[in-house]
Amino acid sequence: MSTAPEAGTWAHFIETFFRPDLIDQYAGAIGKGVIVTCEIAVLVVICGLALGMLLAIVRAYRIRALSLIIVGLVDLLRSLPPLVIILLLYFGLPTVGLTLSGFFVLWLVLTLVLAAFAEEIFWAGILSVRKGQWEAARSTGLGFNQCLIYVVVPQAIRMTVAPLTNRTIAITKNTALGTVIGVGEILNEASTAQSFSGSATPLMMGAIAYILLFIPVVIVGRWIETRFQWRRA
Amino acid sequence: MAAILEARGLWKSFGDFDALKGVDFTLNAGELVFVIGPSGSGKSTMLRCFNRLEEPTDGSVMFEGVDLMNRSVDINLMRRRLGMVFQQFNLYPHLTARDNVTLALRKVLGKSRAEANEIAEAMLDRVGLGDKADSHPGALSGGQQQRVAIARALALEPSVMLFDEPTSALDPELVGSVLQVMQQLREAGMTMVVVSHEMRFARAAADRVIFMADGEILEEGTPDKIFGAPEHARTREFMQEIGQ
Ligand SMILES: Nc1ncnc2c1ncn2[C@@H]1O[C@H](COP(=O)(O)OP(=O)(O)OP(=O)(O)O)[C@@H](O)[C@H]1O
Ligand SMILES: [Mg+2]
């Protein structure tokens with residue numbers, strides 16, 4: 001198993017992180033992890049952004065009670081570490097008779113956390129649309145809802161693409177937290193393989209999988225940013 | 001002459017500040033009325049009360065025989081008959097010039113996209129911007145943006161156009177293009193209320209000039225009278241200040 005130090009540090013490095021036989025052996029498991037991570041990530045991004053947008057739009061109606069509830073929940077979710085909420089739901093709820101799968105808990109918590117941050121970002125975007133935009137739209141006979149949907153929200157989205165992309169990527173990476181509640185995502189598969197093999201190679205495979213997964217997301221995010229930049233009139 | 005827009009006892013308070021103090025205003029069909037007055041005298045507030053962008057505290061506004069203060073009136077349908085042009089243009093920056101014009105056509109009047117596009121292109125032609133339909137506001141000069149804004153209002157076939165300092169935000173060399181469009185509108189018989197400091201335009205095009213101060217109409221009359229022989233001391237003072 002162990003290589004003599006005199007075999008050279010390079011060989012040692014390869015032996016530690018890139019053992020071909022282990023790569024072969026665990027490629028399937030890590031591949032499964034990639035699929036699970038992708039599934040959760042896609043669901044979280046879609047549901048989180050949609051929910052965040054919905055909450056921000058609800059706030060635009062300035063119904064006091066509703067706004068207070070939204071702000072309260074959002075602040076709560078933004079101040080708690082996601083891991084705490086995940087553990088609380090996964091291990092706490094069964095004691096009141098509600099058992100949820102790890103996959104579901106991970107999806108739910110990350111969606112709520114992303115929605116909370118997205119709501120704040122969207123809301124700031126809605127507020128930053130100038131009053132004249134509302135007035136021009138209203139003066140042509142558009143109602144409040146139409147004004148919000150066709151004039152204000154599209155501008156709010158464009159103005160918030162950069163912070164939203166960053167926040168989305170940061171929260172999606174938290175899918176790795178699923179490992180503590182037995183969700184078979186990348187990190188879980190990799191660390192299981194690591195403990196069986198005693199080698200860091202599966203962890204390196206996991207790291208590379210994350211890079212392959214998220215680099216394109218970062219690039220797409222950057223592309224969206226430049227795509228949506230337009231000179232303010 | 002028939003009154004198309006008539007405000008009676010228009011009052012607007014912001015907190016305990018009264019921006020309008022019982023304004024009576026009558027606009028006849030086909031008229032161009034010019035509104036002048038010092039900053040803060042309530043010119044914009046009056047215009048914005050006409051289409052209820054600003055909710056009057058008291059008083060009445062009759063437009064085309066309809067009481068706009070009546071709760072059962074569909075204000076959105078009335079607003080499109082009262083075109084408004086703003087100092088800051090307020091074009092939608094995320095939409096092309098064409099879509100700036102078509103939005104209300106489609107969403108308020110329910111026209112199909114094809115029909116709305118046709119109208120938009122005709123309107124942009126009319127303000128001399130037929131070739132800019134695909135441009136976003138950010139790619140247009142101030143004068144061009146303001147003309148798109150005029151086209152946006154015109155497309156809804158308003159019976160009255162309200163202009164709130166349409167050229168004040170423009171570089172001097174761009175003012176002419178906007179005034180020219182307004183002059184054309186005038187010649188086509190559009191009824192207009194214009195708040196502006198363009199006194200040359202007022203002399204050339206206005207039927208009537210109104211002088212406002214401290215939320216009241218102090219004096220009104222023909223351009224010759226208001227510019228040549230104002231009765232009120234405040235009016236004379238104002239004319240001197242702006243160098244007339
Ligand atoms: N939303 C508001 N809240 C509080 N005060 C307001 C508001 N809108 C206008 N006012 C006040 O009402 C007064 C009249 O304002 P208005 O904008 O109608 O003046 P104006 O004659 O158009 O002036 P200007 O030539 O500077 O445009 C001003 O003193 C202004 O500060
Ligand atoms: Mg004003």
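Helices (H or I, at least four residues) and strands (E, at least two) are DSSP runs, numbered from the N terminus. I noted that this is a predicted model, where local features need pLDDT of at least 70, side-chain atom pairs count only at pLDDT 80 or more, and totals for chains, interfaces and linings use all residues. Residues are numbered from 1 along each chain as its sequence is written, chains are lettered from A and ligands numbered from 1 in the order in which they are written, and side-chain values use heavy atoms, with hydrogens and water left out.

**Entry: the shell**

I listed the residues around ligand 1, and among them are Phe14(B), Phe17(B), Pro38(B), Lys43(B) and Glu165(B). Here a residue is near a molecule or strand if one of its heavy atoms lies within 4 Å of it. E2 and H1 of chain B each supply at least two residues of this shell. I sorted the shell by class and got 4 nonpolar, 6 polar and 2 charged residues. Ala, Val, Leu, Ile, Met, Phe, Trp, Tyr, Cys and Pro count as nonpolar, Asp, Glu, Lys and Arg as charged, and the others, Gly among them, as polar.

Next I looked up distances to oxygen atoms of ligand 1. A polar backbone atom of Gly40(B) is 2.8 Å from one. For Gly42(B), a backbone N or O atom lies at 3.0 Å. Glu165(B) uses a polar side-chain atom, at 3.2 Å. On its own, ligand 1 has 630 Å² of accessible area, and the protein covers 62% of that. These areas come from the Shrake-Rupley method with a 1.4 Å probe.

**Entry: the sheet of 4 strands**

I traced an open, antiparallel sheet in chain B with the order E2-E1-E4-E5. Its edge strands are E2 (17–28) and E5 (66–67), and each pairs on one side only. Two strands pair if DSSP finds at least two bridges between them. E1(B) and E4(B) pair over 5 bridges. Arg8(B) stands opposite Ser60(B) in E4(B). E4(B), residues 58–63, pairs with E5(B) over 2 bridges. Met62(B) faces Asp67(B) across that pair. What sits between E4(B) and E5(B)? I found a hairpin with 2 residues between the strands, and Glu64(B) in the turn has a positive phi of about 50°.

H1(B), residues 43–50, lies across E1, E2 and E4, at about 120° to E1(B). Contact means heavy atoms within 4.5 Å. Axes are lines fitted to C-alpha atoms, for helices over the stretch in contact, and angles run from 0 to 180 degrees between N-to-C directions.

**Entry: the sheet of 6 strands**

I then followed an open sheet of mixed pairing, E6-E7-E8-E3-E9-E10 in chain B. E6 (82–85) and E10 (216–221) are its edge strands. The twist averages 20° from one strand to the next. H1(B) packs on this sheet too, touching E3, E6, E7, E8 and E9, and makes about 150° with E7(B). E9(B) and E10(B) pair in the antiparallel sense over 5 bridges. There, Ile210(B) has Glu220(B) as its bridge partner. Last, I checked H6(B), residues 172–187: this helix lies across E3, E7 and E8, at about 150° to E8(B).

Notes
A polar contact is a pair of N or O atoms within 3.5 Å; within protein, one must be able to donate a hydrogen and the other to accept it, and residues adjacent in sequence count only if both atoms are side-chain atoms.
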